[in-house]
Amino acid sequence: MSLATVYTRAKCGIDAPLVRVEVHLSNGLPALSIVGLPETAVRESKDRVRSAIINSHFEFPSRRVTINLAPADLPKEGGRFDLAIAIGILAASKQLPNHTLETFEFLGELGLTGELHPVQGALAAAIKSSKAERALVVPAANTDEATLCEEATIFSCNNLLQLSAHLHNRELLTPQRAQAPSQSSPNYPDLSEVKGQALARRALEIAAAGNHNLLFCGPPGTGKTMLASRLPGILPPLNQQEMLEVAAVYSISQQSSPRHYYQRPFRNPHHTASPIALVGGGSSPRPGEISLANHGVLFLDELPEFQRRVLEVLREPLESGEILISRANQQLVFPANFQLIAAMNPCPCGYYGDLHKACRCSPDQLRRYRDKISGPLLDRIDMQVTVNRLPVSALRQQQQAGEASATVLKRVMRCRDLQQQRQQCTNSRLDNRLLELHCPLSEKDHELLELAVMQWHLSPRAYHRILRVARTIADLAAAVDINSQHLTEAMSYRALDKEQT
């Protein structure tokens with residue numbers, strides 16, 4: 001029977017659903033048709049595959065060739081199916097053994113000479129193929145990415161002829177092994193370079209320890225951006241599972257350049273970014289900045305300069321940790337478990353509340369500037385910290401430097417380990433049940449917190465966020481329970497809420 005079935009993987013967000021390539025050769029005038037919802041690049045594969053087969057010294061069958069990409073309701077895009085289609089045609093025409101194809105999945109785009117070109121999403125395909133207990137054949141350029149999944153069996157080859165020799169058991173390919181990624185610390189700016197700003201440094205450490213969202217507000221030139229750029233240096237490295245999730249997102253994006261695999265992403269989009277640039281999208285949806293910052297930091301400098309509709313798209317992913325992109329023919333879910341760090345001036349001229357320079361803004365200008373950050377978004381930011389101007393004497397080189405990032409990192413890692421042992425998540429992800437379990441307050445502290453909520457007109461969400469920050473402060477102090485000192489410090493990090501009342 002002139003029929004062959006070959007397995008491959010489609011790209012659907014960070015998922016890689018299985019696709020069966022069914023090839024049937026029948027009598028009739030020579031022709032090739034592809035069915036199964038192929039897009040333009042897939043339909044064009046018949047020309048690439050024909051040339052690749054002929055130029056690899058095989059015979060292209062002079063019969064009617066029908067190729068079905070199942071499931072038929074799944075959109076197929078790109079040249080990733082070329083290799084599977086070529087193998088299917090060769091197997092159906094008895095030029096390759098058919099019985100061994102059950103144990104393989106094939107991924108790769110063919111050139112006219114039969115060479116294999118890399119494709120996007122090889123890591124997601126490797127993860128899925130390992131769960132299906134099949135070996136994955138990828139282009140050599142995708143080897144480093146695919147072998148990040150240590151459980152997967154990966155074969156890499158450069159051209160169709162090399163792969164056919166392996167399937168004929170003439171020249172066997174060697175299974176590829178993962179190259180151990182370096183876990184050495186990247187060269188981040190050091191926190192010891194920041195002079196003064198004890199309050200902001202303390203807030204940065206708490207934010208790193210509990211994965212809390214943080215907003216710096218202060219006059220120009222006080223070091224807000226400098227502080228935020230030091231955050232990656234005090235964050236713990238990614239674990240294996242987090243690294244795979246981050247690498248899978250980069251694998252399907254246009255930014256697949258080599259990166260430090262265990263490094264937490266630090267994304268810093270310009271304030272002219274559009275909503276789609278932030279959340280992702282397009283006719284073929286791609287991840288946006290918030291998904292590229294998954295398990296890392298999204299830093300928004302000059303926060304009020306972003307369009308309000310751009311900032312509003314952050315509200316849902318800040319709560320859910322994922323972003324759902326709907327299109328007419330498909331719905332994709334991208335991860336968005338990021339830590340938001342933002343910086344802003346207190347007013348358009350930047351000197352509102354400054355003791356040394358007068359503010360030139362009118363009340364209307366100030367109100368319009370502050371209104372760009374909606375109340376619901378501000379409510380989702382755990383800590384709002386004022387960064388004040390330093391006295392000139394504090395800038396002298398002889399001034400004693402602050403703690404280095406390595407010292408702070410040890411405390412942060414100890415605190416995060418404590419949280420993982422206690423609740424298997426960071427304090428920022430505590431739900432209401434875990435909050436009641438791990439954040440008990442004394443009657444006196446309850447009354448203090450309720451008084452702050454009433455006087456500052458805080459929402460229940462802000463109430464819970466204060467509790468989470470207080471829990472992190474207690475963890476840094478190695479305290480079992482939250483006491484009044486931890487709670488009052490957590491309440492002090494609501495600077496903008498206090499200003500508004």
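Predicted model: local features only at pLDDT ≥ 70, side-chain atom pairs only at ≥ 80, totals over all residues.
## Helix α4

Helix α4 spans residues 122-131, and because 7 of its 10 residues are buried, the helix is largely enclosed by the rest of the structure. The buried positions are Ala122, Leu123, Ala124, Ala125, Ala126, Ser129 and Ser130.

These buried residues pack against both strands and helices: β1 (3-9), β5 (104-106), β8 (135-139) and β9 (154-157), together with α5 (143-146) and α9 (240-252). Just after α4, the backbone at glutamate 133 has a positive phi of about 60°.

## Serine 56

Serine 56 sits in the loop that runs between α2 (45-55) and β4 (64-70). Its relative accessibility is 4%, so serine 56 counts as buried, the limit being under 20%.

The side chain of serine 56 reaches the backbone oxygen of alanine 52 at 2.7 Å. Beyond the neighbours within four places in sequence, serine 56 is in contact with Thr113, Gly114, Leu160 and Leu161.

## Leucine 300

Leucine 300 belongs to strand β14, residues 297-300. With a relative accessible area of 0%, leucine 300 is buried.

Setting aside residues up to four places away in sequence, leucine 300 touches Pro269, Phe306, Leu311, Leu314, Leu340, Ile341, Ala342 and Ala343. Between leucine 300 and methionine 413 the C-alpha to C-alpha distance is 25 Å, and the two are 113 residues apart in sequence.

Key. Residues numbered from 1 in each chain as written. Heavy atoms only, no water. Buried < 20%, exposed > 50% of the residue type's maximum accessible area, 1.4 Å probe, protein only. Helix = DSSP H or I, 4+ residues; strand = E, 2+ residues; numbered from the N terminus. Contact = heavy atoms within 4.5 Å. Polar contact = N/O pair within 3.5 Å; in protein donor to acceptor, adjacent residues only side chain to side chain.
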